[in-house]
Structure formats: structure tokens, C-alpha cells
Amino acid sequence: MKKDIFTKMQILSDSAKYDVSCSSSGSENNYKTGELGAANSSGICHTFTSDGRCVSLLKVLLTNFCIYDCAYCINRVGNDIPRAAFSPRELADITVHFYKRNYIEGLFLSSGIIQSEDHTMELMLRTLRILRHEYRFNGYIHVKLIPGSSPELIEEAVGLASRVSSNIELPSDVSLRSLAPNKTKEKVLSPLKLARNFSLEQTDKPIGMSTQLIVGATPESDMEILRLSSALYEKALLKRVYYSAYIPINDDKKLPSLMTKPPLLREHRLYQADWLLRFYGFSYDEILNEASPNLDEELDPKSFWALNNLHLFPVEINSSSYEELLRIPGIGVRGAKKILQARRFKKLKIEDLAALRISVKKARYFILCDGRMQKELPHYGEHIRSALLSLPKQKKEQPTLFDNGAFFGEF
Amino acid sequence: MLLLYDGSFETFLTLVHEVYYKKINPDGILKKRPDMLVFDTLYEVRYDEAKSLAVYEALQKKFAREHFERILHIFMCDGADFESDLLHYIMLGFKSQKELDNITIASVFRLHSLQKELFRIAHKMSGFLRFSELEEGMLYAKVDTKYSVLYFLGLHFSKRLNNQNYIIHDIQRDLAFVHTNAFKGIQKVAEFQIPRHSKEEQKFSRLWRTFFQSTSMQNKENKKLQRQGVPLLYRAYMTEFIN
């Protein structure tokens, strides 16, 4: 039966939504006079879904037909779900029409495996060729590389896309073997390595790549996950790792039961820790170790680290380096920069921080302002911990977690 | 003494001139004549081309580009009450340029923050603005923003929609950024007729709503977080929030 375009859109965006990566940042000035589209260096959110995620790309599958049988995946071959496929031209047209109306920054294209890996990759490339060559579209295109497709196809994708990625899905080879019988760690990593080499041949700036890990479907600890991420960042293989709390969609005895709630808080803590790796100069073994291999659920990872390293505190805000300021709980990149700028003009006191709208609710336990500590506050580990925990919850920190109490990663 | 001016950038420059040479120390600066009785002398500053030009040239000469631009940007924050801070900022700049980065001075910090807020609104609008396609392929968008960000939107879209004809209509300020082969720039909107949409418009807006619906995860619903990302204020002209 032939499906109309609305039904196809419904099916193929529904199937793609479990892929959480969405960023669209790229180089600012890639527009060309007389052509359509440009990337934006900071990335732009065009709307937010009812679950609160930023939408910046038209995230769809080319098709959700799939010959694989990955236990965690909604599109596994054994599932009886409605299937559909866009034709490359259809999808290219929708992309351009959406882009012109400023609905999106560009396209995020993934696909189920139809017929074979190469056939799938070839269909995706056809879409990209129409967009780039025929429509002269310079907007953002993110392509999921199909593990197991031929190197020539991957090379062409790297040349046409703004960013490519391949999902590692599960944090260890053992888990992968058990849940995704058609995939191995080697197979999922190889397109990333190939893509990097191809793009390095062309420019000295490798193409941006990312991956996604499913959290909570298998027994890996947070430390194992962060160790993997940090290895991928260190080798400069990836720009970003996304973490996706496992939502039980398939009933399979190898998986957590369908009653399990997605470990949203754990996902949130992993993202926080990931930021510490990427922007705050932490290494994974500072955040976690064999003795405590999982992130604290009550406290954010930076506060948790600070409490375990109280010998490094308090930190004098008037003389510490940027790197040291960044390690103070509650002080972020913006706060640290404001402190650097302001202290050129005067010695900062705690009131000055408030005037600069830097929150000191957490930070005040860990700082000296011009040699002075906040006398009335506790300065012993357990006391600080309970003081931090009794702070009113910030609204910004994923409110639903506390509203419906849906969390925790133990199975 | 209270100063009164007409709210325009040009007249504000005259005001700076008056304050500087007449050594006035105003208690406040008003854009509109107060409706209530004020027990303070009210001095109305009228536009004086020579004085304004003199101040403008002095600003261009003495102020670093970044600081000069900040003054212009602050004037785009038309709804805000920034005059006293801006006057202080300009006087401070004539004394010492270095102090203009001193965010421990309250008025300087407020202006830095206001400028950031302006940038934030402009950035959000560059994502939340929605074009619809009119007959003959012209794209048309309505915006209604707290501050005037048309200039930034024009810069942004003239890069990415380089080969398109479009109009961004600021309905609050009766201004429009127009990008056609004949004209590129900001124009005053005198009269406006409700445009007719192209044949395909309905199909693509419906397709977009379909995508928006099905890309949401029902089992992770979080309307509060959604409201933080896209506050209700911005939704009036967004295709996916209009029924």
C-alpha cells in the first residue's frame, strides 16, 4: 500500500527520535552569494519538543525497514510496526522547503538497513547529492554512517556532510554482542576511523563526529562509560558523545523489563560529567574511581568531586587561575570569565559576586574572597554535603525528575 | 532636574551635549512627558543637529569600536529604561575608555547585561522566526519582539536565504527588513495587506506540524522544560504552536 507523505513523515520521524544528538553548530561563513543556506557557529534551536529537547534539524530516517535485529531498537526486523521509506528526491524537497521557512537548520539523516549496507548508504548519498549539487544547499547536514558500508561511500559522505556519526550504542563489546548480533565494536567504530582519515586527507581540520551510547540497558558502570568517552575525545576521534537513557520499547529477556522507567537522572549526571571532561579540564578518573564507580545521584559531579578533594579548597577568587575557578562548584564558564574581567578593577568581595549575578549558593562553601572565608558556613565535608543537599532545587535542573520521581538506573 | 527627550538616538546625542557643556546633573531622563505632577524642574531637550553631530563625531573618535557599538545596541533596547546608565557610560568613556569594561560599576554592568539580553533575543528569534510562502514565492515573516532586533535578523537571513525574496515584518515598530532584487534593507511599513499564501504553503506547514508532533517523546514529557526553551511569548507566530 502506498502511504501519503504525512504518514511517511509521521512514521519516519517517530522512528528517528530516539537518536538524541541534535547539535547544529558549524562554521559561520560558509554561505555563498546566490545560493541557499549557511551554518551557524553557535547552533540554533528552532523549537522545543514537549519533552523539552531542542529541535534544530529535520531528524528522520530515510527508511525504517531494517534487516538487523538489535534487541534495544524499535526498528528491529522482528517488530511488527508500520514501515515506510522516503525517496531521496522527496526528502531533499522537504528539507529545502523546511529550510526556507526557517523551521530547521538542516537535515539529520539516518536509516534502517534496507537490502544491504551499501544500498542504504547509496540511497542516503543520493539525497545529499540532490541537496548539495542540484539545490546548491549549504545548510547543515548530519549523516549517520552505516557500519559495514564500503569506504568509497563513506568518503563521499564525508565530503558532502557537515558532520557524520556512527552510534556505538553500547559501552562494551560484550553488551554489543549480546544485544546487537549484527554489530561488533570494531564494526561500529570503523566508519568513524575511516571518516576521520578521509577528512584529514582533504583538510587539516577533521570533520566533526559524534556518537551515542545507550545508558541503562546493560550493566556498565558510569566509570566505564566515561572512560570510553574520554578515550574517544582524547584521540580527537569525536567532538561529542550523547547519552540516551534507555527507554524500554521491546520485550526481550536480555533487556530490562518494559516496566522499567528510563534512568533520566543518571543520563543527566552523565551529561554533567561529560561537560567536565570537555570544558572544565577534568579527567574521568578524577570524577570516578574503582571504589566509587558511579556518579552520585544526589549531587552534581563537580560538587561531589570538590567534597572529595577539600584539601584543594577554599580557592581565592582574586588570584586563582581560570582553570582553578572553573573547578569551584556552582561557578561555570561564564561566571569564571566575569570574575577574571571584574577583578582587574577591584578586589572582589562576596557581595560583588552577587552584584555580577554569579550564584554563590554552592560556591560560597569553597571560596575565599580577598582572604576571607564565609565564617558562618560549615567547612567540613559532611556538613557541606548536607548544606548543599538542602539547597532549594534549581528549576533549570530537569524539573520532571523531581516532579514524577521517574529515575534511577538500577535494574 | 529631570530631562525630557523624544526617545530618538539623535536627540539623545544633543542631550549628552547639553549635560556635558551645561554641567547638568540630572535626576532622571524621560522619554515621555509625565502624566503626574512632578516636584522637580523639567527641562526638555530638543534635537539640535550641530550639537548631535559634534557628539557623534567625538564618540566615533574617542570610543573603541566595541564600546561605540554597545551604545548603538543599547538604543535597540527601546522598551528598556537605559538613559541614565547610558549617559553615565558615555561620560565615563570620555574620561577613561578603560573603565568601560569595568563591570564592577553598576551602570556599566547593567548596560553589558542589557546588550547581552538583546543578543539573546536576536539569537532566539533567528531560530523561532517562521516564514510562510506567498504567491510568487515571496517569503513573509511576522515578528513581535521586546527589543528591536530587525537589524540582526536582516544580517542573519541575508546570508542564509541569499537567493530568496523575503520580508521580515516587525509589527510592533511598523518596520520591515526587505530582501528582494530591487531593494535590500530596512523600510518603514506604511500600509499592509494580508498576504495570500502559495498553493504549497498548507502542505508544508502541515508536514512540519506532523514532524513536530511525532518527534516528541511522550514518555519523557516535560512541558516546563519546553517553556524554558521556547517561552509562550515567542509562540504567537510559530507554525507548530498555531492550530
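Two strands pair, in what follows, if DSSP finds at least two bridges between them, and helices (H or I, at least four residues) and strands (E, at least two) are DSSP runs numbered from the N terminus. Hello everyone! This is a predicted model, where local features need pLDDT of at least 70, side-chain atom pairs count only at pLDDT 80 or more, and totals for chains, interfaces and linings use all residues. Residues are numbered from 1 along each chain as its sequence is written, chains are lettered from A and ligands numbered from 1 in the order in which they are written, and side-chain values use heavy atoms, leaving out hydrogens and water.

Let's start with chain A. Its open sheet has 6 parallel strands, ordered E3-E4-E5-E6-E7-E8. E3 (57-61) and E8 (240-245) stand at the edges with a single partner strand each, so one side of each has no neighbour in the sheet. Inside the sheet, E6 (163-165) pairs with E7 (208-215) over 3 bridges, and Ser165(A) stands opposite Ser210(A) in E7(A).

Now to chain B, and some rings. Rings of Phe, Tyr and Trp (its six-membered ring) pair if their centres lie within 6.5 Å; planes under 30 degrees apart are stacked, over 60 edge-to-face, the rest tilted. Over all chains, that gives 26 aromatic pairs. One of them is Phe75(B) with Phe82(B), edge-to-face at 5.1 Å centre to centre and 70 degrees between the planes. Are these two buried or exposed? Both Phe75(B) and Phe82(B) are buried, meaning under 20% relative accessible area, with exposed over 50% and partly exposed in between (1.4 Å probe, protein chains only). They also share one aromatic cluster with Tyr5(B), Phe9(B) and Phe12(B). Thanks, all!
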